[in-house]
Amino acid sequence: MSIKILVADDSASDRLLITSLLSHHSVLTACDGLDVLRKLDEHDDIDLLVLDLHMPHMDGFSVLKQLKASERTRHLRTVILTSHDEPDHEIQGLKMGAVDFIRKPIQMDAIRARIDVHAELIQVQRAVEQRLQDQALTFDTIFKQAPIGIAIAYGADPDEIDDNPVMINPALERITGRSAYELVRKGWAAITYPDDLDSDLSLYNKLLSGEIEGYSLDKRLSRPDGSIVWVYLVVAPLTLSHRQRFNHICLIQDITRRKAVEQALSESVRSKSVLLSHLPGMAYRCQYDRDWTMEYVSEGCLELTGYPTSSLIGNRDLSFNDLIAPEYREILWEKWKQVLAERKPFKDEYEIVTRAGVRKWVIEMGQGLFDSRGRIEALEGIILDISDRKEMEHALKYSNEHDAWTGLYNRRYLEMLLGRDERNPEPLKRALVGINLGSLQALNRVYGFHYTWDLIKRASDTLAGFCSEGRQLFSMYEHHFAFYLKGYGDRKDLNGFCFAVATALRQLLTVERIDIGIGVIEIDEQNSLSAEQFFKSLLIASEKALEFYDDDKVCFFDRDMEKGILREEEIKRELALAADGKADERLVLQYQPILDLSTDRVCGFEALARFDSRGFGRISPLEFIPIAEETKLIVPLGYQIIRKALQFLQTLQSNGYSNLHISINISAIQLLRGDFLPALERIVRDTGVSPECINLEITESILAVNYQEINTILGDLQALGMQIAIDDFGTGYSSLARERELNVTCLKIDKSFIDKLMHLDPEQAITGDIISMAHKLGHCVVAEGVEHESQRQYLKAHGCDKIQGYLVSRPLDPDAALELLSAKARMG
């Protein structure tokens with residue numbers, strides 16, 4: 001059942017808010033005191049007046065004074081909205097009827113609860129009067145079935161018990177936890193919580209003396225079990241046409257749950273206040289308009305913007321839109337428009353300009369508030385200062401995009417630019433110009449890193465002088481730079497630019513004997529290379545330029561170079577397939593016979609790997625082995641080579657050639673792996689060959705690094721019974737002086753020494769000296785690349801143990817190798 005309520009407040013937003021809360025009642029509104037009196041005259045059935053004391057034209061005090069003189073106000077209940085500093089005694093002095101007070105700012109849950117209490121009381125009173133008038137129900141029935149506690153008695157001191165009748169309904173007994181008899185016997189003072197007793201007695205005494213016509217208050221009552229119950233108490237005179245005349249009626253409602261809610265709300269408000277006070281920014285409520293007109297702004301506004309909250313409320317001094325950096329205003333409006341249409345939360349980062357003119361980065365997180373019809377009422381959210389985070393992001397971005405030493409944009413940033421320009425092409429010629437100063441590395445050993453890096457910085461500063469709108473400079477690698485050119489004329493312009501760069505750098509670097517290699521790659525529609533491929537092509541071109549003998553060391557990357565890169569990429573792909581076991585038939589071995597000069601018989605074979613590419617045919621190991629080592633595919637491919645070679649050795653032994661050995665080339669990458677020795681032993685066991693028939697060959701150059709580690713591994717291999725040979729001896733690391741320390745059994749003299757035997761007098765050749773020294777150290781000697789009989793005669797005369805080369809035989813497929821052995825056996 002609803003009641004009729006008049007809400008009087010000069011704030012349109014407060015009227016609207018209270019009206020929406022009381023939508024289940026019939027609500028009228030008034031904007032000032034005169035409007036209140038007019039509405040009361042027009043509507044004589046208004047039950048409850050919600051009155052703001054501070055209104056224009058006629059304030060709440062004046063309204064109350066007018067109403068006091070009116071007879072109809074005897075039945076009109078009043079809820080007064082008052083500020084914190086409003087003295088109660090001034091209002092109580094008006095001696096109004098049932099008056100309640102709610103202090104601003106308004107807590108919506110509190111006012112709803114208070115007015116609902118009054119509504120219930122009005123309904124009870126209305127029901128009592130109506131039912132008594134209609135005589136449809138007896139007073140006793142109403143009294144006992146009322147949902148709130150009721151006590152009716154003659155006025156007396158609460159501590160005084162006399163013979164005057166007192167009526168107490170069952171609801172009041174349930175609320176207090178006491179019987180009617182116990183309540184009358186103990187009196188109200190005995191069950192009232194001590195802290196609330198004085199205020200209750202003071203109001204009661206004023207009621208008895210006629211100073212006030214009634215009162216209401218929240219108070220606490222003590223139950224027999226020691227618990228406390230909060231009640232809302234209303235005391236008013238009561239006159240009925242009855243044979244008995246009762247002086248007063250006391251209505252009591254249990255509001256314990258409401259108080260708990262209020263306490264939780266109060267704690268929530270307190271927590272919110274603490275949170276907002278420590279927020280690195282501000283909370284807000286604003287209208288959805290172009291100015292973002294603020295209705296509420298937290299105190300953090302001052303620290304964030306430099307303006308007090310009052311400056312922004314209602315756009316008094318400026319709007320929040322004025323604080324937003326101009327370039328973000330339209331973007332933010334459109335984004336809010338989009339998220340509100342989809343009823344999604346808003347989140348964006350932008351810059352504001354503070355009162356001091358300082359730009360700050362902020363992040364805004366908010367949402368729209370909608371009414372029941374889906375219309376936007378307001379926007380609420382928070383705006384936080386993220387300037388420190390943005391500064392850190394910018395620092396990280398700078399670090400990610402720049403070279404730390406030179407301050408130039410780095411290779412990663414150039415890669416990003418190339419990708420962007422590829423996606424959004426412009427009708428401009430583009431080219432990359434690489435500057436290769438790789439020989440600077442040699443200065444580290446002489447002068448140290450600081451000297452070299454200082455020289456790199458000076459070279460960077462020199463190159464920076466060539467930067468312009470169409471030329472950007474980048475630091476690519478340790479001693480490499482690159483220019484990204486856009487909008488040049490033709491290749492002649494590129495040559496001129498490269499010549500100017502080389503001239504400037506020579507003035508700086510000639511005294512240091514540093515060569516300058518300049519590689520150029522033009523980017524056009526015919527280039528389908530990725531950024532990584534562009535960089536590799538540029539490096540290849542600049543390194544090729546270093547091979548030129550003239551001063552103009554400029555090399556343009558051409559189609560042949562591009563084909564070479566594409567060929568290498570395809571070989572990598574096919575090697576990966578072979579290493580993965582998906583195309584291992586493409587990895588084939590040929591076997592070159594090794595001849596024992598003392599017996600003139602084949603004593604073994606060297607296993608030589610070949611790769612049959614689907615696109616390029618048979619590929620030499622000189623081409624695919626370096627690629628395999630670069631990609632680390634040499635490890636799985638190396639194990640395949642060892643297994644195939646030992647399977648061939650097993651075939652030889654099963655055909656009666658048990659005294660032959662097999663030589664296998666081992667990569668340093670494979671040799672230095674921790675699992676190499678166990679894996680090799682497993683393959684030997686699987687194939688069932690004798691370790692004494694296995695000769696592992698390593699290149700002389702790998703001894704230049706990790707000498708001790710490699711020599712230890714070689715010793716472990718010898719302990720298994722295997723033979724160790726140094727391949728291409730004489731071309732790399734000069735190990736002859738440490739020959740005695742090496743765990744090797746054989747030296748293979750490089751072909752270059754054998755070739756010289758065709759041009760030098762026998763007395764001038766040092767090949768014989770190498771053989772003699774190796775024998776003195778107890779090593780076997782094998783000569784590689786023997787192609788002429790005269791070379792064979794020289795080597796035999798100087799005691800060489802074995803030879804291999806085209807004079808003996810070219811590398812053979814497995815079947816051909818077996819046929820060679822059979823033929824030699826038949827010949828005797």
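An open sheet of five strands is arranged in the order E12-E11-E15-E14-E13, with antiparallel pairing; strands here (E, at least two residues) and helices (H or I, at least four) are DSSP runs numbered from the N terminus, and two strands pair if DSSP finds at least two bridges between them. The edges of the sheet are formed by strand E12 (294-297) and strand E13 (346-353), each of which pairs on one side only. On average, neighbouring strands of this sheet are turned by 25° against each other, direction ignored. Axes are lines fitted to C-alpha atoms, for helices over the stretch in contact, and angles run from 0 to 180 degrees between N-to-C directions. The model is a predicted one, in which local features need pLDDT of at least 70 and side-chain atom pairs count only at pLDDT 80 or more, while totals for chains, interfaces and linings use all residues. Residues are numbered from 1 along each chain as its sequence is written, and side-chain values use heavy atoms, with hydrogens and water left out.

Strands of a sheet pair through backbone hydrogen bonds, either parallel or antiparallel. Strand E14 (residues 359-370) and strand E15 (residues 376-385) are paired in the antiparallel sense over nine bridges. Leu369 has Ala378 of E15 as its bridge partner. Two helices are placed against the sheet. Helix H15 (residues 326-341) lies across strand E11 (281-286), E13, E14 and E15, and runs at about 160° to E13. Helix H16 (residues 387-401) packs on the sheet and touches E13, E14 and E15, its direction making about 125° with that of E14. Contact means heavy atoms within 4.5 Å.

The chain as a whole contains 31 helices and 30 strands. Of its 828 residues, 47% are buried; the term buried means under 20% relative accessible area, exposed means over 50%, and partly exposed covers the values in between (1.4 Å probe, protein chains only). The accessible surface of the chain comes to about 42000 Å², of which carbon and sulfur atoms hold 50%. These areas come from the Shrake-Rupley method with a 1.4 Å probe, and for residues only the protein chains shown count as cover. Among contacts in the chain with a separation of 6 or more, 61% are between residues 24 or more positions apart.

Across the whole structure, 15 aromatic pairs are found. Rings of Phe, Tyr and Trp (its six-membered ring) pair if their centres lie within 6.5 Å; planes under 30 degrees apart count as stacked, over 60 as edge-to-face and the rest as tilted. Tyr409 and Phe474 form a tilted pair, with 6.3 Å from centre to centre and 40° between the planes. This pair links distant parts of the chain, since Tyr409 is in strand E16 (residues 409-410) and Phe474 in strand E18 (residues 471-477), 65 residues apart. Tyr409 is partly exposed because its relative accessible area is 27%, whereas Phe474 is buried at 0%. The pair of Phe605 and Phe648 is edge-to-face, because the ring centres are 5.8 Å apart and the planes stand at 80°. Phe605 lies in strand E23 (residues 601-613) and Phe648 in helix H24, so this pair ties together parts 43 residues apart in sequence. Phe605 is buried, with a relative accessible area of 0%, and Phe648 is buried at 4%.

One aromatic cluster is formed by Tyr288, Trp292, Trp333, Trp336 and Phe346. Charged groups also sit over rings; the criterion is NZ of Lys or CZ of Arg within 6 Å of the ring centre and within 35 degrees of the ring normal. Lys259 lies over the face of Trp230, at 4.4 Å from the ring centre. The charged end of Lys756 is placed over the ring of Phe753, 5.7 Å from its centre.

Most residues other than glycine have a negative phi. Asn315, which is not a glycine, has a positive phi of about 60°. Asn315 is located in the loop between helix H13 (309-312) and helix H14 (320-323), and is partly exposed, with a relative accessible area of 22%. Lys632 likewise has a positive phi, near 65°. Lys632 is in the loop between helix H23 (621-630) and helix H24 (634-654), and counts as exposed at 51% relative accessibility.

Ala180 is in helix H8 (residues 180-186) and is partly exposed, at 23% relative accessibility. Leaving aside neighbours within four places in sequence, Ala180 is in contact with Ile168 and Glu173.
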